[in-house]
Amino acid sequence: MVNDSQAKQQRAALKVRSPRRRELRLQNHWVRWHLATLARATYSGRVIGSSVRLGSFWVVPIVLSGSWFLVAALITVTFAPSVGSRVPGIGIGAYPVAFIFAVLLYASVFVHELGHVVVARLFGLPVGSITLSVFGGMSEIQQEPQTPWREFAVSAIGPIVSLL
């Protein structure tokens with residue numbers, strides 16, 4: 001059995017926060033503050049770092065990451081010789097055609113992400129942004145759907161739109 005003084009010591013020990021917990025809390029605050037600052041700067045229509053805001057759809061900012069330009073250049077350089085061999089006499093015009101391939105690829109990624117955003121917004125979920133980057137696209141849905149069915153609907157609509 002625990003006596004009164006031992007119970008007080010146990011309660012006091014529970015109230016003491018560990019230095020590691022405080023450090024994690026401060027790091028979390030630091031990360032949130034910097035993400036919010038980055039979001040404000042990016043969504044204000046300026047170029048931030050290597051990202052460019054293209055516009056917005058349904059009050060959702062559309063951001064093009066600087067890494068997209070790297071991928072577009074890689075696709076252009078990779079596909080230009082193929083275009084040149086298939087279309088005789090195109091010459092240097094193969095590069096703009098190959099660049100159009102890159103734009104169309106990311107347009108399809110954008111439409112895929114747009115599917116996620118539209119369904120999320122129809123369910124009343126807040127959406128922060130759509131970002132196109134080297135890895136494809138990302139819809140920043142800021143809240144979890146209320147039911148598993150809604151989660152499935154938000155997740156499944158992107159691939160369904162891509163199939164169309």
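This note walks through a predicted model of a protein, point by point.

1. **Ground rules.** Residues are numbered from 1 along each chain as its sequence is written. In this predicted model, local features need pLDDT of at least 70, side-chain atom pairs count only at pLDDT 80 or more, totals for chains, interfaces and linings use all residues, and side-chain values use heavy atoms, with hydrogens and water left out.

2. **Overall layout.** The protein has five helices and four strands. Helices (H or I, at least four residues) and strands (E, at least two) are DSSP runs, numbered from the N terminus. Read from the N terminus, the order is α-α-β-β-α-α-β-β-α.

3. The accessible surface comes to about 11300 Å². Carbon and sulfur atoms hold 67% of that surface. Accessible areas come from the Shrake-Rupley method with a 1.4 Å probe; for residues, only the protein chains shown count as cover. Of the 164 residues, 28% are buried. Buried means under 20% relative accessible area, exposed means over 50%, and partly exposed lies in between (1.4 Å probe, protein chains only).

4. **Contacts along the chain.** Take the contacts between residues at least 6 apart in sequence. Of these, 46% join residues at least 24 apart. A contact means heavy atoms within 4.5 Å.

5. **The largest core.** Which residues form the largest nonpolar core? There are 10 of them: V60, L114, V117, V119, A120, L125, V127, I130, A153 and V154. Helix α4 (94-122), strand β3 (127-133) and helix α5 (148-163) each supply at least two residues of this core. The most come from α4, which gives four. A nonpolar core is a set of buried Ala, Val, Leu, Ile, Met, Phe, Trp, Tyr and Cys residues joined through side-chain atoms within 4.5 Å.

6. **L125 and a second core.** Set aside the neighbours of L125 within four places in sequence. L125 is then in contact with A120, I141, Q143, E144, P145, Q146 and V154. A second, separate core has nine residues, including A102, Y106, V109 and L132.

7. **Two buried serines.** S65 sits in the loop between β2 and α3 (67-86). Its relative accessible area is 13%, so S65 is buried. Beyond four places in sequence, S65 touches S50, S51, T131, L132 and S133. S133 belongs to strand β3. S133 has a relative accessible area of 16%, so this serine is buried too. Leaving out residues up to four places away, S133 touches S65, S67 and Y106.

8. W58 is in the loop between β1 (52-57) and β2 (60-64). V59 is found in the loop between β1 and β2 as well. Buried or exposed: what is V59? V59 is exposed, because its relative accessible area is 69%. W58 counts as partly exposed, because its relative accessibility is 37%.

9. **Positive phi values to check.** Most residues other than glycine have a negative phi. W58 is not a glycine, yet its phi is positive, about 55°. The phi of V59 is near 65°, again positive in a residue other than glycine. Look at these two in the viewer.

10. **A nonpolar patch.** F57, W58, V59 and L122 form a nonpolar patch on the surface. Together they have about 420 Å² of accessible area. Patches are made of residues with over 30% relative accessible area and no salt bridge: like charges are joined within 9 Å, nonpolar side chains (Val, Leu, Ile, Met, Phe, Trp, Tyr) within 5 Å. A salt bridge is a side-chain nitrogen of Lys or Arg within 4 Å of a carboxyl oxygen of Asp or Glu.

11. **Aromatic pairs.** How many aromatic pairs does a search of the whole structure find? It finds six. Rings of Phe, Tyr and Trp (its six-membered ring) pair if their centres lie within 6.5 Å; planes under 30 degrees apart count as stacked, over 60 as edge-to-face and the rest as tilted. W68 and F69 form an edge-to-face pair, 5.1 Å centre to centre, with 80° between the planes. W68 counts as buried, at 8% relative accessibility. F69 counts as partly exposed, at 44%.

12. **A pair between helices.** W68 and F99 are also edge-to-face, at 6.2 Å centre to centre and 75° between the planes. W68 lies in helix α3 and F99 in helix α4, so the pair ties together parts 31 residues apart in sequence. F99 is partly exposed, with a relative accessible area of 37%. Ring pairs link W68, F69, F99 and Y106 into a cluster.
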